[in-house]
Amino acid sequence: MKALLLLVAINFVLTKSSVVTSTKNTDATTPSENHANFSESKTDKKHEIYKTFNVNESRIYLDDVLFALKNQNWTETEQPCLERTLLMLHNLQNFTLWAVWNWDSISSEPEGLLYGNRFHLGNFDECMRAPWYKQHPELRAQYCLSDIELERTDRAVTKAADPFNPYESALNVIEYESPIKRPLNKLTWGVCVPAVCQPKSVEKLTSVLLAHSHLGAVGLRARISVTDSCQKADEPLRFDGLFYAFIGITVCLVVTALVCTFLNNEYKKKQSNENSIKHQLIKAFDLQYNASKLLERTDQGTDVVYGIKFLSMCIIVSGHQYGIFNGGPVSNGFKVDEDALSVAGLFVLHEDIVVDSFFMLSGFLTATALAKATRIPNLFVLFFKRYIRLVVTYAVVIFFICAIYPYTGSGPLWNRAIAEDTKPCRENWWLNLLMVSNYVDSENICLVISWYIPCDYHFFVVTVLLYWFYKRHPGAGRIVAVLVLLVAIVTPGVINYLNSLPAIQLFTYDFISNPRGPKQFHLTYIKSHTRYAPYLVGFLSGYIFAQISTTGNLKKIPQKWAILGATLSILIMTVVALTGPMFLWRSYDVLESAVYAALNRPVWACSVALLVICCSLGHVPIINGFLSWFPWVPLSRLTYGLYLIHTLLIARNVYVTRNPQHLDNFNSLTSCLGVIFEASLAAFLIKLFAEAPVLNVLTICLSPRTNRHEGRNSDVENNRSKYRVNDKVTSETGHLDDNLPSTIQVISSKM
C-alpha cells in the first residue's frame, strides 16, 4: 500500500513538472508558435492521425545551424556576412516574412541525387524578386551556386560488386559512375544569402546546410567551392556598345531590304533597263527575288541530296537536343543513362558520325561543279568567294552571340552556361572569321559546333589545289590523290594509337557537360587533318558521277542493282552507328580503337556516296521519291544557318529552367521540332537580309562588264543569261548550302 501511494506521488510530481516546463516553453515562444502548439494540443484531444509541424523541432534545427555557423572560422572581412546571416536566422525563428521568404527559396536538402539529379536549385525567382527590395534595399539577397563533390572516407572498404544492393551502404552508389560517365558524387546547390556575402562565406553556409541534411552522414567528406559570381537581386541590365551596334546594323539591313524591294517593284512596273548597275544593286537586296532563289532546283540528277541534307541536319539537331538537355538540370538522369544503352540510345551516342555526311556531300558537289567547268577558274577569286559564302552567316551568328545572346534569358544556371559561349566569342571571334579556330586556342573556341566551318573551308582549298594539280599533271596528280587519301584515312588512327585515345568521341555525360574539355576533342575531333577522309571520298565519288553522267542519260544502273546498293548503304550506316558506342563497355584495346578510329568515318562516307549514286544513276522506289520531295529544296538551302543557330536555341531553352526537368522522349521530340522550325526561320531571315544581298553584290562586282559603248546592253545581257545558267547548275554545291561560286566560267574568262 505504501509503495502504491509512493508511485502516485511520483507520478503527480512528474506531471506537474511537465506542465510547468510546457508553460515556460509557451511563454518563451512567439504567438505563431503558441498557435502551432495549440493546434497540436487540439489535434491530440481529437485523437486525429494528422499532426501539424512541431515548432520546437524546427527551433532545434535552427539552433543547431546557428551554433554551427558561429563556430566556423570567420575572417574580419566576412563578419558583415555572418551578422546578416545570423540576423536572418533569428528573424526566421520569429517567423518574420523577409527571413522566411529568403530561407524558403533554399532547398532544405539535396533530393534525387542517387537518381542522377545533380542540380538542386531551390526557387531562384523567389530569392531574386522579393516585392520589398526597392523599398528596403538593406534586405536584398543574392543567389549563389555551390559546387559540391562528395568523397568517401572509408577507402579501405572493398568496392562493392553490386553497388545497388539495397542492404549495403549508400556510399557504394555515391561513388558509382555509370558507363555514360555521370558522376553521382557531384552536385550543385543553389542558396539564397545576404547580398554582402562573399564566395568563401557562402561555402561555409553551404557546408553547414549539407551537414544538417541526410548527406551529412558519417563516411563522406565534402569539397565545396563557389566559383561563379553570385546573381544579385534587382540588378539592372547593362547594355554595352555591341548590343546597340547589332540593333543598329539589323535595322539598317531591314530598312534597306524593304526599300529596295519597293523600288524593284517600281522598276518592274516602269519596265526600265534591268541591266543597269543601279538596278542590279537594288535587285540584290530585293526580298522577293532572294526568296524565289530558294525554290530553284538543279538539273544535275542529284535531287536526293536535298532530302539527305535536311534530314541529316534534323538528326544532328535531335542529337544535340538530347545531349544538351541531358547536360542540364535533369531529375531522372539514372533512367536516362539506362536508356542510352538501348538500341535507340546507341544512335544518339554516336550521332556525330552524321556530320561526315555533310563533308561527303560538300566534296561530292564540289567535284560535280568543277568537272563540268570548261577550264579551271581563277583560284584566288574562287577561294575568296567561297570564304564570303561561309563567313556572312557565320559572322552574323557570332555577332549575335557577343551582343544579344546574354540578354535573351535568365535563371540560376544562365550566367554559368551562357558565359561559356559569350566570353570565348568576345575574345576569339577573329580566330573564327580567319578559319583557324579549330587549331589556335581551340580550348576557347567560339560556339563549339563551329569547328565544322574551318574544316570545310580547309578541305575546299586543299582539294581544289589538288584538282588543279591533277589537271596540269594527270599522272602525278593521280598518285598524289591516292597518297593524300591514304594519309587522310590513316592519320586519325595513328593519333589515337600514339595518345591511347578511345575509338571515337562519344556523347557521354562528361563530354556534353563540358565539350571543350576532353583531350580527344582537340586532338582528333575538330582538327581538319583528322576529318579530311570523308570529304575526299565525296569528291572522288562526285567526280566519278560527273564523268558517268556526261552523256546526259542518268539512268545507268538497273533498278535491281540500285535497290541492292541502297539497301547495302543503309545497312552499313546502321552498323557503323551502332558499333561505335559498344566501346563503352568493351575492354580497351589500343590497336582495335585505332583501327576503328581510322575507318569508321570514311566507311560512313562511302555508304552515303553509294546511296546518292544509286538513287541518281538508278531508281530506288520510295527512297527516290521521298528524298527528292520538293519541300526539301528550300529547307536544304537553310541547313547552314540551321546548323549554326540550333544549339543557341537549345541551350537557351535548357538553361532558363528553374528546376530539374524530367527527360522524356516525347517532350524531347516536341522541343526538337520547335527548335528546327525556329532555327530555320532565323536562317531564312539571315539569308534574306544579309547573306543573299552580300553574295549578290559580290557577284555583280566580279561579273565581267564590257566597255560602256555601243553594244554594251547586248553583251551584258549575254553575260547575264550565262550567269543564270551557271547559277542554276552550281546553286547546290558546297558547304551545306552552296559550294562553288556562281559564274565560274565567267570569272575564269575575265581573269
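Hi everyone. Helices here are DSSP runs of H or I with at least four residues, strands are runs of E with at least two, and both are numbered from the N terminus. With that in hand, Leu-498 sits in helix α19.

A word on the source: this is a predicted model, where local features need pLDDT of at least 70, side-chain atom pairs count only at pLDDT 80 or more, and totals for chains, interfaces and linings use all residues. Residues are numbered from 1 along each chain as its sequence is written, and side-chain values use heavy atoms, with hydrogens and water left out.

Overall, the protein has 30 helices and five strands. Of its 751 residues, 50% count as buried, meaning under 20% relative accessible area, with exposed over 50% and partly exposed in between (1.4 Å probe, protein chains only).

Back to Leu-498: is this residue buried or exposed? Leu-498 counts as exposed because its relative accessibility is 66%. It belongs to a nonpolar surface patch that also includes Val-490, Tyr-497 and Leu-591, with about 720 Å² of accessible area together. Helices α19 (474–499) and α24 (590–617) each supply at least two of the patch residues.

Now for Asn-624, in helix α25, residues 623–627. Asn-624 has 9% relative accessibility, so it counts as buried. A polar atom of its side chain lies 2.9 Å from the backbone nitrogen of Val-620. Setting aside neighbours within four places in sequence, Asn-624 is in contact (heavy atoms within 4.5 Å) with Val-304, Cys-615, Gly-618 and His-619.

Notes:
Patch = residues over 30% accessible without salt bridge, like charges linked within 9 Å, V, L, I, M, F, W, Y side chains within 5 Å. Areas by Shrake-Rupley, 256 points an atom, 1.4 Å probe, with all protein chains shown as cover. Salt bridge = Lys/Arg side-chain N within 4 Å of Asp/Glu carboxyl O. Polar contact = N/O pair within 3.5 Å; in protein donor to acceptor, adjacent residues only side chain to side chain.
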